[in-house]
Amino acid sequence: MASSLNRLACCFFCFFSSALLVQLFLLRPSPPPRGPLTASPSSPAAAPIPIVAPSSTPRGGCQADIIGASVDWGAPSSPTSPRYLLYAPQFGHSNQLVALRNAAAWASILNRTLVLPHLTSHTGGKPLAAFGAAFDVARGAAAALPLSLLELDDYKRLGLPPPARHLVLDTNTRFAVADDAYLAAVGLAAPPLYVPLRTFSVAAIADAFGGCRQTTLSFRSLFAAFDHKPLSASPPGWSVGGRPGLDWLDRALLPALLAPAPPLLALVDAIELAVLQKAGGSEADTAAAVAAAAPSLENIEDPRCKDD
């Protein structure tokens with residue numbers, strides 16, 4: 001019984017973290033429109049780079065190639081082969097969901113399939129649950145189009161060469177330091193490559209990584225790596241599926257991607273019913289009612305939700 005409750009706590013924490021993120025970041029009033037973007041220090045252009053992602057090839061260079069000129073990246077992928085963006089979740093669950101928003105924006109800007117990592121422990125990078133154990137990936141994938149989504153376990157089953165380096169950005173994480181514990185835990189350990197990028201506008205991201213031809217760009221962290229606040233004015237030139245980029249990201253993709261997975265939602269309904277039916281009863285009676293109302297409980301928990 002204790003083990004089942006621990007696994008339930010894992011899934012519930014993921015669910016309520018998503019609800020908190022939507023409430024705090026996606027449903028708050030829109031801030032006043034900001035002034036026009038200025039070019040980043042790394043970009044010689046005077047205006048943002050036009051991007052219609054992911055329907056066209058992003059422009060820009062590849063700082064990873066410049067910084068890691070001596071790194072054996074393997075053979076560059078062809079222009080028509082799929083390319084992926086992978087990142088490690090860091091810190092607590094709410095911070096992991098902030099990084100998810102950033103990663104979705106990066107993948108769209110760079111025209112890459114977004115690899116969805118596991119939900120992990122607050123420290124140590126231990127995978128607790130596959131993303132799809134808590135959230136409705138199918139619904140998110142439909143809203144993401146034309147951006148593609150892929151869970152990390154499915155990405156590994158593709159049999160692609162592992163990333164030669166994990167790119168480390170110059171982000172300001174204040175009271176915590178990101179690490180590669182998660183990437184090592186999922187069998188993707190690699191040395192770091194530090195890229196001194198400090199500006200994370202759409203234009204700066206495209207300018208720094210839009211020309212990278214590696215099959216997979218892997219980042220230690222994308223927390224604090226996107227300058228555009230939720231529901232703010234979308235940067236000129238960035239559109240996805242005919243919608244302004246930030247409108248697509250904050251009003252279409254994230255609400256769908258953070259919807260609870262149907263089995264988890266059924267479990268929540270079952271527990272609510274059990275509590276209402278057995279209010280005042282013993283813990284054993286309530287547990288029995290939950291088990292009776294949710295016969296698929298073990299399918300939800302094992303193996304996609306694991307004990308911490």
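Student: In which loop is alanine 88 found?

Tutor: This is a predicted model, where local features need pLDDT of at least 70, side-chain atom pairs count only at pLDDT 80 or more, and totals for chains, interfaces and linings use all residues. Residues are numbered from 1 along each chain as its sequence is written, and side-chain values use heavy atoms, with hydrogens and water left out. Helices (H or I, at least four residues) and strands (E, at least two) are DSSP runs, numbered from the N terminus. On that numbering, alanine 88 is in the loop between β2 (84-87) and α3.

Student: Is alanine 88 buried or exposed?

Tutor: Buried means under 20% relative accessible area, exposed over 50%, and partly exposed in between, with a 1.4 Å probe and protein chains only. Alanine 88 has a relative accessibility of 1%, so it counts as buried.

Student: How many residues of helix α8 (residues 202-209) are buried?

Tutor: The buried residues of α8 include Val202, Ile205, Asp207 and Phe209. The helix is mostly covered, and the count of buried residues is 8 of 8.

Student: Which side chain makes a polar contact with the side chain of aspartate 250?

Tutor: Aspartate 250 lies in helix α9 (residues 245-257) and, at 2% relative accessibility, counts as buried. A polar contact is a pair of N or O atoms within 3.5 Å; within protein, one must be able to donate a hydrogen and the other to accept it, and residues adjacent in sequence count only if both atoms are side-chain atoms. The side chain of aspartate 250 reaches the backbone nitrogen of leucine 231 at 2.7 Å. Its side-chain partner, at 2.8 Å, is arginine 101.

Student: Which backbone oxygen does the side chain of serine 232 reach?

Tutor: Serine 232 sits in the loop between β9 (216-219) and β10 (238-240). Its relative accessibility is 10%, so serine 232 counts as buried. At 2.7 Å, its side chain reaches the backbone oxygen of lysine 229.

Student: Which helix gives the most residues to the lining of the largest cavity?

Tutor: On a 1 Å grid over the protein atoms alone, a cavity is a set of points where a 1.4 Å probe fits but cannot get out, and lining residues have an atom within 4 Å of a point. The structure holds 1 cavity of 30 Å³ or more, and the largest cavity has about 60 Å³ of space. Its lining is made up of Tyr87, Pro89, Gln96, Leu97, Leu100, Pro117, His118, Leu119 and Phe131. With 3 residues, the element giving the most is helix α3 (residues 93-109).

Technical notes: On a 1 Å grid over the protein atoms alone, a cavity is a set of points where a 1.4 Å probe fits but cannot get out, and a pocket is an open set with protein on both sides within 12 Å along at least five of seven lines; lining residues have an atom within 4 Å of a point. Grid points are joined across faces, edges and corners, and a volume is the space filled by probe spheres set on the points.
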